Amino acid sequence: MNSELRIKILEMVKRSGEGHIPSSFSIVDIIEYLYSSVLKYDCLKPKWSERDYFILSKGHGAGALYAVLHAKGVLKNDDIINYGTPAGILGGHPDSTIVPGAEASTGSLGHGFPTAVGIALGNKILGLSNKVFALLGDGECHEGTIWEAANIATNQELRNICAIVDWNGSAAQLMPRDDLPEKWKAFGWETFLMDGHSKDDFEKVFALVLNSKSNAPKAIIAKTIKGKGVSFMEGHGKWHHRVPTDEEMDHAILELKNEK
Amino acid sequence: MKKLREEFADTLLELGPKDSRVVVMVGDISHGILQPFAKACPGRYFNIGICEPAMVNIASGISKVGLIPVIHTIAPFIIERAYEQIKLDFGYQKLPVNLVSVGGSFDYAQLGCSHHCYTDVSLISHLNRGVVVMPGSPIEFNKLFTDIYSENNINYFRLSEQSHGVNFNREDIKFGEGIKIQDGKDVTIAVVGSQLKNAMNAAELLKSDGISTEIIYFHTIKPFDKKIIRESLLKTRRLVTLEELSEHDGLFSISIKSSIGIDGLKCEQIAIKDFIHGYGSYEDLCKKSGLDHHAVYAAVKKIVNL
């Protein structure tokens, strides 16, 4: 699934020598589905006032966001080619002041999600029906602001926000007690489990989220595989910030093309 | 005279019904006095809880959809604790906000260093779009807040329970401009906040010693009025700064920067050197940290005699 997007991510990172490949591979399927099937979004008008918002809180997964925004026509070919260069607007973490379609500048963890809560609260104050989706890393859930903001969202009854947690096992490597579904439920969020790489599961879970009558904010805990799509990158911590050699690059692309 | 915090509440009550973009968020501080605003502007007041970094961060989302956040709690918690949120979520993202703190440097003198704040002015000044206002009286807050609250800046209004007691005409209060309190030819005293009282008391003592003191008061630290201080120093060539801020970066440092190129300048700084350990009243802690009119008098005498 989404091999072309994964190849695009690989090529961006390889060319510039900087990026987070596995962190992007674990989330690219979800982001692609959001922009294709869930978000009310006009790719020709990224500032459209009626748009749903997508905020990538784990900013190091920016490669996946860029790849999808490019596929949807928000970003240009030159933007992808110039990733990580002085001529470009794209880099290892997204800058919302220069990247069309990037709704928040993220990188330091624990910032994008509270911003999303603020957008949801702001839209509620204004009486607007735009939805807000935020994608968080599981390691990012070690940050205190995640839980401060989650608590606020529950107490403000922000039914217009959906947090999607990329549960790829990174957090558990550091802190093994890692029961994220129970934590989000305990914070008052209506919580759903989802396979982060299954289109069937996407359809099922997002339908439940969008049709929910609850006033609680929604949390989708997405079971994912870090580096999904390339067997030698899958689940391996050593690949978190690694750039592939030419040979590894060839193997990865071959594997992705065969998977298609 | 009305307290500054009360003026904050009254000013919001004045502006809120006229501007539906104004949203107030507090961290369980000033909740009571903000009830009139909460009633007059339903759905736009939030006592959001004890979670300062998230409060500031969430405000950036509110700002992103076009509302005007006014965020309020005690100075060290809103500025020092939540500084990365201010820097990244408003600075890096170029979003506007109004940060309004209370407690000054050590108004909470009975509560210890955890509630003190000497570096907030410096921190916000380092942000490109950071604006720093230290109103020393209620009319200053009302005038300056009303003038700039809806600009695309990171506005920081630092409130204290102390007032300097001077009555300004509203038309004399201009954002970004210092105020000459009195003319003099021998020494320039630059001062912020309620310390103006000490500066004026010292000037009286100095007058009887035959020393003519020019006093310049600043309610706006950034953008700083370089012109008024420079003109004064070209005349007196002697500077004493008086501030309840860290001696490492505050009124003294910006005054010195403003005087580059003025030969033979003699100066003394009266500021906070370190944590002020201990308890007592605001006046007690002023004495303990050397922020009183005797210190100003001594500093002036020192440089006049050099």
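Let's start where the two chains touch: in this predicted model, 10 residue pairs are in polar contact between chain A and chain B, with both partners at pLDDT 80 or more. Two helices of chain A, α6 (112-126) and α7 (144-155), each supply at least two residues of the side that touches chain B. Of these, α6(A) gives the most, with 10 residues. Sort that side of chain A by class and you get 11 nonpolar, 12 polar and 4 charged residues.

There is also 1 salt bridge in the count between the chains. It joins the side chains of E103(A) and K64(B), 3.3 Å from N to O.

How many residues of each chain are in contact with the other? For chain A it's 27, and for chain B it's 25. Together the chains bury about 2,100 Å², and 65% of that lies on carbon and sulfur atoms. Three residues stand out here: H111(A), I125(A) and I152(A) supply 26% of the area chain A buries against chain B, more than any other three residues.

Now let's hop over to chain B and look at helix α9, which covers residues 226-236. Its buried residues are I228(B), I229(B), S232(B), L233(B) and T236(B). Looking down the axis of α9(B), you'd find these buried residues within an arc of 125°, so they line one face of the helix. Here's the handy background: an α-helix has 3.6 residues a turn, so residues three or four places apart point the same way. And what covers the buried residues of α9(B)? The cover includes the strands β7, β8, β9 and β11 plus the helix α10, all of chain B.

Both ends of α9(B) have a detail to look for. At the start, a side-chain oxygen of D225(B) reaches to within 3.3 Å of the backbone nitrogen of K227(B). After the helix comes R237(B), with a positive phi near 55°.

One more stop is Q195(B), which sits in the loop between β8 and α8 of chain B. Is Q195(B) buried or exposed? With a relative accessible area of 1%, Q195(B) is buried, because anything under 20% counts as buried. Its side chain makes a polar contact with the side chain of Y282(B), at 3.4 Å. Leaving aside neighbours within four places in sequence, Q195(B) is in contact with L242(B), E244(B), Y282(B), C286(B) and L291(B).

Here are the atom-pair distances from this tour:

| Pair | Distance |
|---|---|
| E103(A) and K64(B), salt bridge | 3.3 Å |
| D225(B) side-chain oxygen and K227(B) backbone nitrogen | within 3.3 Å |
| Q195(B) and Y282(B), side-chain polar contact | 3.4 Å |

Definitions and conventions: Residues numbered from 1 in each chain as written. Chains lettered and ligands numbered in written order. Predicted model: local features only at pLDDT ≥ 70, side-chain atom pairs only at ≥ 80, totals over all residues. Heavy atoms only, no water. Contact = heavy atoms within 4.5 Å. Buried area = accessible area lost by both parts, 1.4 Å probe. Salt bridge = Lys/Arg side-chain N within 4 Å of Asp/Glu carboxyl O. Polar contact = N/O pair within 3.5 Å; in protein donor to acceptor, adjacent residues only side chain to side chain. Helix = DSSP H or I, 4+ residues; strand = E, 2+ residues; numbered from the N terminus. Nonpolar A, V, L, I, M, F, W, Y, C, P; charged D, E, K, R; others polar. Buried < 20%, exposed > 50% of the residue type's maximum accessible area, 1.4 Å probe, protein only. Arc of directions from axis to C-beta.
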